Structure formats: C-alpha cells, structure tokens
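Hello,

Here is the model we talked about handing over. Please open it alongside this note.

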Amino acid sequence: MADFKQTVTRTEEEGLDNTGAAVQQETRRVQTEASTDPKTTLQNVVWFILGFVEILLALRFTLKLFGANTASGFVNVIYSITNVLTLPFDSIFGVTRSTAGETRSVFEPSILVAAAIYALIAWGIVKLITINQKP
C-alpha cells in the first residue's frame, strides 16, 4: 500500500520589511512505500517466541513459588506446557520446598536458568540472522 507524504517549504526573501515580504511556497508529494525485510520479520518472530516462552516460565516460577493448587486447570496447563521447557535443566540444582499449613511453596532455580538459556539462544539466533546485514 503506497502512502503519500506532503512536504511544504516556505522561504522569505531578505531585505524586505515584514509587511511587503515576498514568500515562496513549494509543495511536493512524495510516494513512500513501506517494505518489510524478511530478516527483520524473522527477527521479530524469534523475539515474539522468546517473549511467549519467558512469560510461560515466569508464570511457572510464580505459581511454584506461591504454592498454587495443582488441581486448578490453569495451573495444571501451565505446568504441563512448561515441563517440556524446564526438563533439560531440572537436575542442575536441588529444589527447595517449604510448607506452611496447606500451602506448599517450591523454589526451582532451574526455571530461572532455563529462562536465561532460552534468552541466550534467541539472541544467538537473531545474531546469526543479522550476519552480513547492512545497517
């Protein structure tokens, strides 16, 4: 879709007083077109996927930390989806559990490690995409 940009330029000639100044006005219409670079689109897709994964991991971390009820459908779906994402990192650290009444809080540092590793992977992919790209 082509957009048009209109530019108006006004100039005043020097040497004339304010009441009799000669003014020139020029109007130009320039056609502008937004083109999408495939590399930029691919970078945006990578960052979008990373954002989605990071949100899921942040939800898991928060739900585990506050001892969310695993019988809840929402909590169960988040845990099911993110189990796949945290599985490679689950054995790195021990898990700290705390119980207060019926609330069972769990601190899993492996979730934070997973989030950091996925961010590094996404950054590396974006850097690979931008190799030989002119600024």
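Below is what was found, from the overall fold down to single residues.

**Ground rules**

This is a predicted model, so local features need pLDDT of at least 70 and side-chain atom pairs count only at pLDDT 80 or more, while totals for chains, interfaces and linings use all residues. Residues are numbered from 1 along each chain as its sequence is written, and side-chain values use heavy atoms, with hydrogens and water left out.

**Confidence**

Mean pLDDT (the predictor's confidence in each residue, from 0 to 100) is 82 for the protein. Of its residues, 71% reach 70 or more. Among the elements, α3 has the highest mean pLDDT, at 96. Strand β1 (residues 2-12) has the lowest, at 57.

**Fold**

The protein has 3 helices and 4 strands. These are DSSP runs, numbered from the N terminus: helices are H or I with at least four residues, strands are E with at least two. Along the sequence the order is β-β-α-α-β-β-α.

Of the 135 residues, 21% are buried. Buried means under 20% relative accessible area, exposed means over 50%, and partly exposed is in between (1.4 Å probe, protein chains only). Contact means heavy atoms within 4.5 Å. Take the contacts between residues at least 6 apart in sequence: 56% of them join residues at least 24 apart.

**Cores**

A nonpolar core here is a set of buried Ala, Val, Leu, Ile, Met, Phe, Trp, Tyr and Cys residues joined through side-chain atoms within 4.5 Å. The largest one has 14 residues. Val46, Val53, Leu57, Leu85, Ala114 and Tyr118 touch the most other members. Two or more residues come from each of α1 (38-65) and α3 (109-129). The biggest contributor is α3, with 7 residues.

Look at Val46 in particular. Beyond residues up to four places away in sequence, Val46 touches Ala122, Ile125, Val126 and Ile129.

There is also a second, separate core of 5 residues. Leu63, Val75, Ile78 and Tyr79 are among them.

**How α1 meets α2**

The axes of α1 and helix α2 (residues 73-86) come within 9 Å and cross at roughly 120°. Axes are lines fitted to C-alpha atoms, for helices over the stretch in contact, and angles run from 0 to 180 degrees between N-to-C directions. The crossing of α1 past α2 is left-handed. That term applies if the near helix is turned anticlockwise from the far one by less than a right angle; clockwise is right-handed.

On the α1 side, the contact uses Val53, Leu56, Leu57, Leu59, Arg60, Leu63 and Lys64. On the α2 side are Phe74, Val75, Ile78, Tyr79, Ile81, Thr82, Asn83, Leu85 and Thr86. By class, the contact has 11 nonpolar, 3 polar and 2 charged residues. Ala, Val, Leu, Ile, Met, Phe, Trp, Tyr, Cys and Pro count as nonpolar; Asp, Glu, Lys and Arg as charged; the others, Gly among them, as polar.

Which residues does Ile78 touch, not counting those up to four places away in sequence? They are Leu56, Leu59, Arg60 and Leu63. Ile78 lies in helix α2 and counts as buried because its relative accessibility is 5%. From Ile78 to Arg60, 18 residues apart in sequence, the C-alpha to C-alpha distance is 6.4 Å.

**Other residues to check**

- Ser110 sits in helix α3. Its relative accessibility is 4%, so Ser110 counts as buried. Neighbours within four places aside, Ser110 is in contact with Phe89, Asp90 and Phe93.
- Leu87 is in the loop between α2 and β3 (96-100). With a relative accessible area of 60%, Leu87 is exposed. Its C-alpha lies 8.9 Å from that of Ser110, 23 residues apart in sequence.
- Ala119 is in helix α3. Its relative accessible area is 28%, so Ala119 is partly exposed. Leaving aside neighbours within four places, Ala119 is in contact with Leu50 and Glu54. Ala119 and Leu50 are 69 residues apart in sequence, yet 6.7 Å apart C-alpha to C-alpha.
- Lys39 belongs to helix α1. At 31% relative accessibility, Lys39 is partly exposed.

Best regards
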